[in-house]
Amino acid sequence: MQPRNMSMSGVVDLAAVKAAQEAKAKAEQARAEAARQGGTGAVSPADLVIDVDEAGFERDVLQRSAEVPVVIDFWAEWCQPCKQLSPVLERLAVEYDGRFLLAKIDVDANQMLMQQFGVQGIPAVFAVVAGQALPLFQGAAAETQIRQTLDQLVQVAEQRFGLTGLTVDPEARPGEREEAAETPAGPYDALLEAAVQALDAGDFGGAVRAYQNVLTDDPGNTEAKLGLAQAELLHRVQEMDPQQVRRDAADKPGDARAQIAAADLDLVGGHVEDAFGRLIDTVARTAGDERDAARLRLIELFEVVGPDDPRVAAARRALARALF
């Protein structure tokens, strides 16, 4: 799947001359104040990823965006694609060494912020620079594409706004590396890591094979089962034409194959209830092989979302009513 809006389009509006001049002035003032107080203003790598809510948004995002580009990750606990994307963003925030700050916003707890940014589905990623918002991308994205977008963001922030980012305390890094090195590796860690790397690179077929390799030896491995369901979903939608899929689903409400494809797109876009409802309706209106295909795909999507999600429980009850 090609992520939407994976570009810096709209950046000309963001870099209006007046806003750029004001941002540069604020950044210079912040650096001068830190120097006057005899400190470097250095932060630890852990400070590069923060949780933000509505009460702290102005302080933690708008005000900080005068010092450093703030990348916002809109996520939710039930969103399985978010669980693939968020760790990548968190790792890159540390790797980029203070050139951007990652703010994580739980949409379930912060509905107003979600509405203000016009978020239609999650995961969704925005940036705020000098108090102005810029949409980056929505949905699943390969790490290479994420890096390209972040590189453009950092370049614009520095060249047009004078935002050189935060200073990271060098003494905080060795201890973190030592702690990580002391963590023992599990028997399938290498295979699971290979699967995650394949997902990051957009090699969803490779991720499927890596997870299957784990499950061959350990059929009950929960992480591999969840990862396989996610990788298979992403692999299916990778070559889809979203507009054509949507047209087919609208024109052929009784066609199980068309509805199954649209449900996959719904889920990848974070529209969990839409995906479940579409397939339950398909089960109710079809019979035979088509009905069974819709039912089986719905069960697969339950695996992607996770059995503990309340929407899965509700959809299971609705499925039972449609079947019986």
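**Whole chain.** Start with everything shown; the model is predicted. Colour by secondary structure: the chain has 15 helices and five strands. Now colour by burial. Of the 324 residues, 47% count as buried.

**Main core.** Select I72, F74, I122, Y211 and F276. These have the most contacts inside the largest nonpolar core, which has 73 residues. Keep F74 and show what surrounds it. Beyond its neighbours within four places in sequence, F74 is in contact with C82, I105, V107, L113, M114, F117, V119, I122, P123, A124 and F126. One of these, I122, you have already selected.

Next, select L92, L136, L153 and L163. They are among the 24 residues of another core, which lies apart from the largest one.

**Helix pair.** Select residues 272-285, helix α13, and residues 288-305, helix α14. Their axes are 8 Å apart and pack at an angle of about 160°. Angles over 145 degrees count as roughly antiparallel, so α13 is roughly antiparallel to α14. The crossing of the two is left-handed.

Now show side chains at the contact. From α13, take V272, A275, F276, L279, I280, T282 and V283. From α14, take R291, A294, R295, R297, L298, L301, F302 and V305. The residues of this contact divide into eleven nonpolar, one polar and three charged. F276 links two stops: it belongs to this contact and is listed for the largest nonpolar core.

Technical notes. Residues numbered from 1 in each chain as written. Predicted model: local features only at pLDDT ≥ 70, side-chain atom pairs only at ≥ 80, totals over all residues. Heavy atoms only, no water. Core = buried A, V, L, I, M, F, W, Y, C linked by side-chain atoms within 4.5 Å. Buried < 20%, exposed > 50% of the residue type's maximum accessible area, 1.4 Å probe, protein only. Contact = heavy atoms within 4.5 Å. Axes fitted to C-alpha atoms, helices over the stretch in contact; angles between N-to-C directions. Helix = DSSP H or I, 4+ residues; strand = E, 2+ residues; numbered from the N terminus. Parallel < 35°, antiparallel > 145°, perpendicular 65-115°, else oblique. Left-handed = near helix turned anticlockwise from the far one by under 90°. Nonpolar A, V, L, I, M, F, W, Y, C, P; charged D, E, K, R; others polar.
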